[in-house]
Amino acid sequence: MNNLDLLTAITVFVLSVLVGVEVISKVPATLHTPLMSGSNSVHGIVVIGAMLIAAESHTWLGYVLAFAAMVFGAMNVVGGYVVTDRMLEMFKARPATGKSTSDAREKAEV
Amino acid sequence: MDNVSNAVHYIFLTTAACFVIGLHLMNHPRTARRGNTVSAGAMAVAIAATVWLVAHEGTISTTGWLVLASGGLIGAALGLYAAREVKMTAMPQLVSLFNAVGGGAAALIAVNDLLQADHPAALGARVSLPGALDIVIGAVTFSGSLIAAGKLQGVVSGAPVAFPGARLLNVLLPASFAAGTVWLVLAPDSLVALYGLVAVALLFGVTMVLPIGGADMPVVIALLNAFTGSAVAMAGFVLDETALIIAGMLVSSSGGILTKLMADAMNRSIANIVVGGFGTGDSAPAAEEGAPAQVRSVSADDVAIQLAYASKVIFVPGYGLAAAQAQHELGDLAKMLTDHGVDVSYAVHPVAGRMPGHMNVLLAEANVPYTRLKEMDEVNPEFPQADVALVIGANDVTNPIARRPGNAISGMPILDVDRAKSVVVIKRSMGHGYAGIDNELYTDPKTGMFFTDAKKGLAELKAAVGEFVG
């Protein structure tokens with residue numbers, strides 16, 4: 001299975017950290033909770049790892065571990081994205097009901 | 001690598017790129033929802049591609065398919081249920097729970113990989129080192145996040161829990177940790193090393209989070225989020241999947257940045273928080289009921305007149321508002337004032353709430369437009385122009401004493417509430433905040449104290465303001 005050499009893996013690792021820092025530091029404090037639950041769902045990619053080990057398992061212990069990993073990973077992915085969407089849906093420039101008399105001017109929040 | 005495997009890995013690469021784009025779109029409330037959709041869509045494609053890859057490789061048994069499908073369905077159903085039903089005040093618990101399962105899954109992958117290998121000893125450090133780190137970080141995150149969720153939910157005591165020998169344990173555990181990790185790296189086929197390391201890591205997660213107080217939870221959740229990301233990245237090293245490495249490290253940087261921001265907002269070092277400090281109990285002491293002589297007590301009618309005749313009002317919400325479930329009353333009051341022509345905005349301190357940005361979500365749920373939610377640096381210069389600053393359930397973050405050296409909160413960034421033309425504080429009593437010190441804002445001559453419960457007080461204010469603005 002070792003088709004990825006260590007140096008390449010470490011390069012990817014380091015560059016990902018740099019990209020992450022660059023992208024995340026631009027997120028306004030207003031959105032920190034959705035950011036957190038959104039990045040939470042991103043680490044749900046672990047479900048792919050769980051699927052790969054389920055494919056390689058041929059013992060009862062292996063099946064049990066793969067099953068637990070599948071449950072955890074799927075819960076992470078589905079729950080994370082759904083709850084993030086639920087939160088972000090609430091962020092509106094204007095209230096849903098009634099009209100505001102004052103100017104709801106959009107300020108660049110970067 | 002054959003064609004299918006190649007194709008699948010290109011799909012994974014696209015997925016990773018979409019995660020970055022999705023996170024990038026999070027930089028504005030207007031585009032954030034689209035960002036989440038991009039990220040979710042990419043994840044769905046990646047999962048479908050993995051099914052294709054697994055089917056193509058053909059090493060999976062029928063039981064394996066059954067495990068894969070049933071586990072996936074059960075997990076998805078649980079996640080969906082939790083995400084739909086959770087209250088916005090309980091969001092930190094849910095995020096903590098998702099940290100736990102993510103870390104747990106990553107640890108299980110490494111355990112399984114080491115157990116399934118025909119000759120673990122032949123794997124070499126290339127697999128056993130990230131494997132051991134994955135198990136350590138994943139298991140610590142799993143048990144630590146569960147304890148954190150328990151504390152937030154109130155199942156586990158929110159107060160720092162000290163037990164005899166805790167200090168000794170905290171010295172011994174990291175040592176046995178290091179020893180176990182080295183042992184497993186050198187002898188990946190040793191079951192004793194494997195299970196021993198899992199056990200020590202789980203125990204360490206518990207003893208790490210138990211002594212941390214409720215007020216420090218925003219830092220702890222962010223830190224555990226960073227841990228989960230690292231665990232997933234390590235699982236990527238074990239399985240040779242770059243997608244896991246990229247996604248894991250994106251999350252890890254996010255968690256790291258938030259941890260740093262939260263710690264800065266409390267003017268404390270991360271080490272100081274983990275070791276345990278003043279972040280004590282979850283509820284403000286209610287022992288000292290009533291107002292001492294030097295504070296000015298005001299009634300709902302007094303405050304309503306002030307608000308109705310103001311041209312600019314700044315609300316300063318704290319966790320007390322969320323604890324009283326009064327954010328909807330506040331939103332309604334703001335709407336009445338806005339309709340009356342008053343300029344209303346919200347000053348949100350970075351640590352207002354139980355996780356980074358929590359207060360913003362609670363206010364957004366109460367239909368407050370995000371253009372009215374102001375960050376500390378943005379709103380502080382506006383306080384001198386504010387006719388009234390209304391503080392609801394916030395304490396230490398408004399205490400001017402933080403500007404002077406020599407006290408528990410010296411140097412902590414605060415909201416300049418005391419610079420407003422007048423101040424009204426809604427509070428049940430003169431009880432202290434987490435830092436356990438007197439708030440000078442309350443004894444300021446221009447401050448009026450409205451002693452009541454946040455929800456009841458805001459309802460009274462709504463009624464009284466309604467009389468004025470008709």
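Helices (H or I, at least four residues) and strands (E, at least two) are DSSP runs, numbered from the N terminus. With that rule, residues 10–92 of chain A are 82% helix and 0% strand. The end C-alpha atoms of this stretch are 41 Å apart. The model is predicted: local features need pLDDT of at least 70, side-chain atom pairs count only at pLDDT 80 or more, and totals for chains, interfaces and linings use all residues. Residues are numbered from 1 along each chain as its sequence is written, while chains are lettered from A and ligands numbered from 1 in the order in which they are written.

**Annotation on chain A**

- An unreviewed UniProt entry annotates residues 10–92 of chain A as "domain: NAD(P) transhydrogenase alpha subunit C-terminal".
- UniProt positions are given in the numbering used here, feature names are shortened, and annotations may be inferred rather than shown by experiment.

**Chain B overall**

- Chain B has 17 helices and seven strands.
- Its C-alpha trace spans about 80 × 50 × 35 Å along the principal axes.
- Of the 470 residues of chain B, 54% count as buried.
- A residue is buried if 20 or more other C-beta atoms lie within 10 Å of its own, exposed if 12 or fewer, and partly exposed in between; C-beta atoms are placed from the backbone.
- Two residues are in contact if their C-beta atoms, placed from the backbone, lie within 7 Å.
- Among contacts in chain B between residues at least 6 apart in sequence, 80% join residues at least 24 apart.

**Domains of chain B**

- Chain B is assigned domain 1 (1–85), domain 2 (89–282) and domain 3 (296–469).
- These bounds come from an automatic or database domain assignment.
- The centres of domain 1 and domain 2 of chain B, taken over C-alpha atoms, are 24 Å apart.
- Eight residues of domain 1 of chain B are in contact with six residues of domain 2 of chain B.
- On the domain 1 side, helix α1 (residues 3–25) of chain B gives the most, with six residues.
- That side divides into seven nonpolar, one polar and no charged residues.
- Ala, Val, Leu, Ile, Met, Phe, Trp, Tyr, Cys and Pro count as nonpolar, Asp, Glu, Lys and Arg as charged, and the others, Gly among them, as polar.

**Contact between the chains**

- The contact takes 101 residues from chain B and 95 residues from chain A.
- Helix α4 (residues 91–116) of chain B gives the most to the chain B side, with 17 residues.
- The chain B side holds 56 nonpolar, 33 polar and 12 charged residues.

**Helix α2 of chain B**

- The expected span of a helix is 1.5 Å times one less than its number of residues.
- Helix α2 (residues 29–57) of chain B has 29 residues and so should span 42 Å; its end C-alpha atoms are 43 Å apart, which agrees.

**Loop residues in chain B**

- B:Gln325 is not a glycine, yet has a positive phi of about 55°.
- B:Gln325 sits in the loop between α12 (319–323) and α13 (327–339), and counts as partly exposed because it has 13 C-beta neighbours inside 10 Å.
- B:Asn367, also not a glycine, has a positive phi of about 65°.
- B:Asn367 lies in the loop between α14 (358–365) and β4 (373–375), and is partly exposed with 19 C-beta neighbours inside 10 Å.
- B:Glu382 is in the loop between α15 (376–379) and β5 (388–392), and is partly exposed, with 18 other C-beta atoms within 10 Å.
- B:Glu382 and B:Arg419 are 37 residues apart in sequence and 9.1 Å apart in space, C-alpha to C-alpha.
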